[in-house]
Amino acid sequence: MFDRRQDPALLLARIDVDGMDELRAALSGGRGAILLAGHSGNGALLVVYLVAAGIAVSVVHKESRMMDARFFRTGMALYGIDGILANEGIKAYSRMVGSLRAGRVVYVMADQGAKRAADGVMLRFLGKTMPMPAGPAQLAQHAKAPVLPVTTVSAYPRWRFVIEHPVQL
């Protein structure tokens with residue numbers, strides 16, 4: 001999807017999203033919202049859906065050794081998606097807080113545990129207990145923004161995502 005712009009109508013015909021009322025209610029508080037998803041399923045398609053629905057989205061992503069650094073930055077811009085490069089540390093954190101204060105969605109996909117148990121919070125993730133980064137919870141507390149989990153419930157015949165109720169921190 002990010003190597004060249006796809007027809008949005010074609011993309012949107014392949015997705016269903018439950019919980020948009022939950023997201024809109026969370027955004028109505030004026031503090032933005034954090035969508036927290038697992039790095040599984042076609043999360044990029046969900047982001048394109050949200051932008052098409054008129055919701056401003058900033059996606060937190062990491063630079064990968066296996067692909068050109070411009071891939072996400074250039075690809076997301078094709079759809080009007082703001083990218084925040086997590087590798088930039090405090091600068092990235094500042095951009096996340098700024099995005100939330102501007103009423104945007106900050107979309108985070110968790111896909112790796114913390115390297116050291118002391119650096120994370122022990123959570124169940126993909127069927128096992130592991131230390132997960134505490135960053136999204138810390139960001140939510142700092143910005144006073146709600147965190148809404150996103151689940152992928154099917155991929156066929158259409159991708160189907162559910163935006164859950166905000167979690168209590």
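How many salt bridges does the structure hold? I looked this up and found three. I took a salt bridge as a side-chain nitrogen of Lys or Arg within 4 Å of a carboxyl oxygen of Asp or Glu.

Ground rules first. I am working on a predicted model, where local features need pLDDT of at least 70, side-chain atom pairs count only at pLDDT 80 or more, and totals for chains, interfaces and linings use all residues. Residues are numbered from 1 along each chain as its sequence is written, and side-chain values use heavy atoms, with hydrogens and water left out.

Entry one: D16 with R158. Their side chains meet in a salt bridge at 2.7 Å, N to O. D16 sits in strand β1 (residues 15-18) and R158 in the loop between β8 (147-154) and β9 (159-163), so the pair ties together parts 142 residues apart in sequence. I read helices (H or I, at least four residues) and strands (E, at least two) as DSSP runs, numbered from the N terminus. D16 is partly exposed at 32% relative accessibility. Here buried means under 20% relative accessible area, exposed over 50%, and partly exposed in between (1.4 Å probe, protein chains only). R158 is partly exposed too, at 29%.

Entry two: R160 with D18. The closest N and O atoms are 2.4 Å apart. R160 lies in strand β9 and D18 in strand β1, so this pair ties together parts 142 residues apart in sequence. R160 is partly exposed at 33%, and D18 is partly exposed at 30%.

R95 belongs to helix α5 (residues 90-101) and D82 to strand β4 (residues 82-85), so the link joins parts 13 residues apart in sequence.
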